[in-house]
Amino acid sequence: AFFWAFHSSLSPTDGFALLPSIVRKNSGVGFSIRDGPTLAMVHGESLTEARKVDLCIIGGGISGLAAAITTAEKSTRQSSKSDGVSTRPSPSILLLESDSAVGGRVRSDRTDNGYILDRGFAVFIEEYPQSRRLLDYDALGLKQFLPGAKVKLRGREKLATVADPLRRRRDVFTAIASPVGTPLDKLRLLPLFYRVMTKGVDELFAMEETDTMTCLRSQYKFSEGFVSSFLGPFLEGIYLSPLERQSSRMFHFVMKMFTVGLTSLPRGGMQAVANQLGSKAKELGVEIELGSKAVAINPAGGNDDSREEFSVEVVSKESVKQRVRAKSVVIATEFNVTRNLLQDMGGLDRRTKPVTKLPQRSVGCVYYGFRSPAPLSDPILILNGEGSQRRNTKDFPINNVCFPSIVQKQYAPDGYELCSVSVLENALREHAGDDASLDASVRNQLSTWFPDCADDIVDESKWARKGVYVVNNAQPAHYGEDGCANVHGGRDCSAFRGEAVPRGMFVCGDHMATSTFNGALESGVNAGEAAERFLNELRRPGC
């Protein structure tokens, strides 16, 4: 689904990566580990002191990269006089990533025959504040979706259009004539749009919180049909859970982002976003070591967690072990990995044992490649508006469909197109890991959406399955759970679940802010700023 509003996540098939997600690929996609900086290492059970760094960041996803960039940038400014002459060296920063490339939940694979498969369908929301601050949009080569959506309604052969006359005024009559929603539903959209356009993000998060279903029914009075045919598949595709388990604050936030900004796809897939952040970090002097999994963190002097140095035990893809000694550590992993690292840390058992796991939302994506043309020529999202009985079930698994190559041509080789089909948790459970069964159900349902192409869709020689991705840790819960990810501005990065972590250690990740791409960046920036302040304090005379 277009989750993390939007992002995707998974790890290699061998279970080595730090994020324990699952992917099943049918496209010849492979992984290779690119060696990081050469360190003193030893094979076998023993560990050797490999090196000392000022800051060790565990996790090369979006949060970890944001933390690295922020620390390096602020340190560079702090270590220079007004005339630009450096007064002290910048801190040494090492970022450890267990996967074969940076990005974590923002990754793409390129098939041998030229398709780009994002690891779970994803789009880029241009209005996210932290994205605008950290990324060069021009360099990403963004291509925009049309505002609005197409909707497959039950009993109608032709796809219906939900237009956005706020951004495309010429679509006002299309919006009025759309069979999606009643005239009253369309009128009731006006106060929603007014609210999200006139209130700031801080104000939206200060509003009283309910679940999104209650908000849609009680506050805005939308009809059951409108919720079922449009708002349900749209919002569940973003937040990967039923509306009853979504936050009304998060609903208003993402509606603001969609109302005032555009959605797009980068040239080169979502991997281009992660690559740009990685390149920026390297230019600032950050060392990025791939294929390196942090398995334990301990105070360098033993179990006294008041000490100001940490020992990070690292295992490579080839089972080579090393130890990194750091003055400061940022843990930039998903919630349950962070919890496990802290729970196993000497002296912290008493703090983290009572901490329950934060539920993670799962999502699946099936990709098909086929000869041009695509059944749809518009660069727009297609939602399943057929109702709850024909969405997210075994026989009707589709939540939403997109043709990424129509938006950004690079997603498919010349003369071909790419189709992305998103499947939510319940349908994944119903198929119980049977890719052939899921594929058959998707093709059958998709053929009814595009009857002119039905014969080609069900023919595996014409619509070739390029990949099946199942992402088990796609997004942390953001409503109705202890410590859920719905905190705008981010939680205190020097604590985890309200308990202080050792001095010099900081925690980031979308679970520390909001379960969005912006939240991941935001929490990384917070941790990077805190780490820079800590390291700056250590440099002061007498420290």
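**A pocket, some salt bridges and a greasy patch**

By class, the second largest pocket is lined by six nonpolar, seven polar and eight charged residues. This is a predicted model, and in it that pocket has a volume of about 400 Å³. Of its 21 lining residues, E236, S241, P242, R391 and N392 sit nearest the centre. Two elements each give two or more residues to the lining, α8 (224-239) and α14 (425-431). Helix α8 brings the largest share, with five residues.

Now for the charged pairs. Side chains of opposite charge can pair when their charged atoms come close. The structure has 20 salt bridges. Take R107 and D99, whose side chains meet at 3.0 Å, N to O. Both R107 and D99 are buried, and they belong to a salt-bridge network that also takes in D109 and R119.

D482 lies in the loop between β19 (464-476) and β20 (495-496), while R497 lies in the loop between β20 and β21 (499-500), 15 residues apart. D482 is exposed at 56% relative accessible area, whereas R497, at 23%, is partly exposed.

R503 and E537 make another salt bridge, at 3.5 Å between the closest N and O atoms. R503 is in the loop between β21 and β22 (505-507) and E537 is in helix α17 (residues 517-539), so this pair ties together parts 34 residues apart in sequence. R503 is partly exposed at 38% relative accessibility, and E537 is partly exposed at 30%.

Last stop, the surface: L184, L187 and L190 make a nonpolar patch of about 300 Å². L187 sits in helix α5 (residues 183-198) and counts as exposed because its relative accessibility is 53%.

Technical notes:
Residues numbered from 1 in each chain as written. Predicted model: local features only at pLDDT ≥ 70, side-chain atom pairs only at ≥ 80, totals over all residues. Heavy atoms only, no water. Patch = residues over 30% accessible without salt bridge, like charges linked within 9 Å, V, L, I, M, F, W, Y side chains within 5 Å. Areas by Shrake-Rupley, 256 points an atom, 1.4 Å probe, with all protein chains shown as cover. Salt bridge = Lys/Arg side-chain N within 4 Å of Asp/Glu carboxyl O. Helix = DSSP H or I, 4+ residues; strand = E, 2+ residues; numbered from the N terminus. Buried < 20%, exposed > 50% of the residue type's maximum accessible area, 1.4 Å probe, protein only. 1 Å grid on protein atoms, 1.4 Å probe; cavity = no way out; pocket = protein on both sides within 12 Å on 5 of 7 lines; lining within 4 Å. Points joined across faces, edges and corners; volume = space filled by probe spheres on them. Nonpolar A, V, L, I, M, F, W, Y, C, P; charged D, E, K, R; others polar.
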